[in-house]
Amino acid sequence: MPSSSPSRRPTGRFAPSPTGILHLGNLRTALASWLSVRSRGGTWILRMEDVDTTRSRRALGEAQIRDLAALGMESDVPVLWQSDRVELYRMALARLERAGLLYPCQCSRKDLALLAAAPHEGDGLRPYPGRCRGAELRGGEGAALRFMLPPGQVAWVDLLLGSQLDDPMGLTGDPLLFRRDGCYAYHLTVVVDDGDQGVSEVVRGADLRSVTATQIRLQEALDLPRPGYAHLGLVTSPDGSRLGKREGALGVRALVERGVGVRELLGWLGWSLGCLDSPVPCLAEELIPGFSWGRVPTGPVAIPMSWR
Ligand SMILES: [Zn+2]
């Protein structure tokens, strides 16, 4: 089974969708991935996941790049925009099709809602129940395409949470790789790009933990190496609930307007990642020596009441 080689220069990435501002949870994820590779002399990559052309905006992506730069985080290679790489996704999809691993799915959103009988654990996502499995691919019908997951559980190790054993069939079901509207879907693009860019470490929010086994199956089908994974606890409201609209709008600019400076923001983010004993103002560079996955808390972290 392919796996990341320890001798390889660590390469981490932050891959937001340019559909809004980077909120505190996004910034914390970006900083953790940056610190993890910077503390080991590795490469940090910024990638814009803008294949969903209905929601993505170039200007929002450029604002995200500026926000990260204001915090001291800049991509070591030119920022990659997924919308420029459609040919790569087309080739990967064709390879899976030749291997007989795709099938067309004609389910509508309404069908899927009706099929989902019981509420699914936690994240509100429900696994696709495989209703269209066995349907045959016929060229030019404009159907959505799904990847046929092999049976069985996937063992993987989270840098933060330790050994995991997941059944992708029960967590996501067969993932959608190509949408009826002609867009390549998240699971395909993220796996193809991580492989193509030599990413050895994926740091992201705990809300994506449940899709990891599915993405590992896809890496295996495409003969891509498996990166290391770390899933960070989510950033919550001061009372521990999910970020509301107001808190979700707290990005670099909104905080600066409230009088929270960049150094203060970095100090809080660094403290929340275990780099500092207290949230004292500092620069991103100054957090590097204190970073270690062993010190990053695994649970959620609440934003300061005074920032709301
Ligand atoms: Zn279907």
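How many salt bridges does a search of the whole structure find? The count is 19. Keep in mind that this is a predicted model.

Let me take three of these bridges. Start with Arg38 and Asp76. Their closest N and O atoms are 2.9 Å apart. Arg38 lies in helix H1, and Asp76 lies in the loop between helix H2 (58-70) and strand S3 (80-81), so this pair ties together parts 38 residues apart in sequence. Arg38 is partly exposed, at 25% relative accessibility. Asp76 is partly exposed too, at 40%.

Next, Arg85 and Asp193. Here the closest N and O atoms are 2.7 Å apart. Arg85 sits in the loop between S3 and H3, Asp193 in helix H6, so the bridge ties together parts that are 108 residues apart in sequence. Buried or exposed? Arg85 counts as buried because its relative accessibility is 16%, under the 20% cut-off. Asp193 is buried as well, at 0%.

Third, a local one. Arg217 and Glu220 meet at 3.0 Å, N to O. Both are in helix H7 (residues 212-221), three residues apart, about one turn of the helix. An α-helix has 3.6 residues a turn, so residues three or four places apart point the same way. Arg217 is buried at 13% relative accessibility. Glu220 is partly exposed at 24%. There is also a network: bridges with shared partners join Arg13, Arg47, Glu49, Arg85, Asp193, Asp194 and Asp196.

Now the metal. Which residues coordinate the zinc ion? They are Cys105 (SG), Cys107 (SG), Tyr128 (OH) and Cys132 (SG), at 2.1 to 2.3 Å. The site is tetrahedral, with angles of 102 to 121° among the four donor atoms. Along the chain, the donor spacing reads C-x1-C-x20-Y-x3-C. Cys105 is in strand S4 (residues 102-105), while Tyr128 is in the loop between helix H4 (109-115) and strand S5 (144-147), 23 residues apart. Both Cys105 and Tyr128 are buried. Tyr128 has another neighbour: Arg146 lies over its face, 3.5 Å from the ring centre.

On to the aromatics. The whole-structure search gives five aromatic pairs. One of them is Tyr89 with Tyr184, a tilted pair, 6.0 Å centre to centre and 50° between the planes. Tyr89 is in helix H3 (residues 86-98) and Tyr184 in the loop between strand S8 (176-178) and helix H6 (186-196), so parts 95 residues apart in sequence are tied together. Both tyrosines, Tyr89 and Tyr184, are buried. Ring pairs link Tyr89, Phe178 and Tyr184 into a cluster.

Definitions and conventions. Residues are numbered from 1 along each chain as its sequence is written. This is a predicted model: local features need pLDDT of at least 70, side-chain atom pairs count only at pLDDT 80 or more; totals for chains, interfaces and linings use all residues. Side-chain values use heavy atoms; hydrogens and water are left out. Donors are N, O and S atoms within 2.8 Å of the metal (3.2 Å for Na, K and Ca); water is not among the atoms, so sites may look incomplete. Four donors count as tetrahedral if all angles lie between 85 and 135 degrees; four count as square planar and six as octahedral if opposite donors are over 155 degrees apart and all others between 65 and 115; anything else is irregular. Helices (H or I, at least four residues) and strands (E, at least two) are DSSP runs, numbered from the N terminus. Buried means under 20% relative accessible area, exposed over 50%, partly exposed in between (1.4 Å probe, protein chains only). Rings of Phe, Tyr and Trp (its six-membered ring) pair if their centres lie within 6.5 Å; planes under 30 degrees apart count as stacked, over 60 as edge-to-face and the rest as tilted. A charge sits over a ring if NZ of Lys or CZ of Arg is within 6 Å of the ring centre and within 35 degrees of the ring normal. A salt bridge is a side-chain nitrogen of Lys or Arg within 4 Å of a carboxyl oxygen of Asp or Glu.
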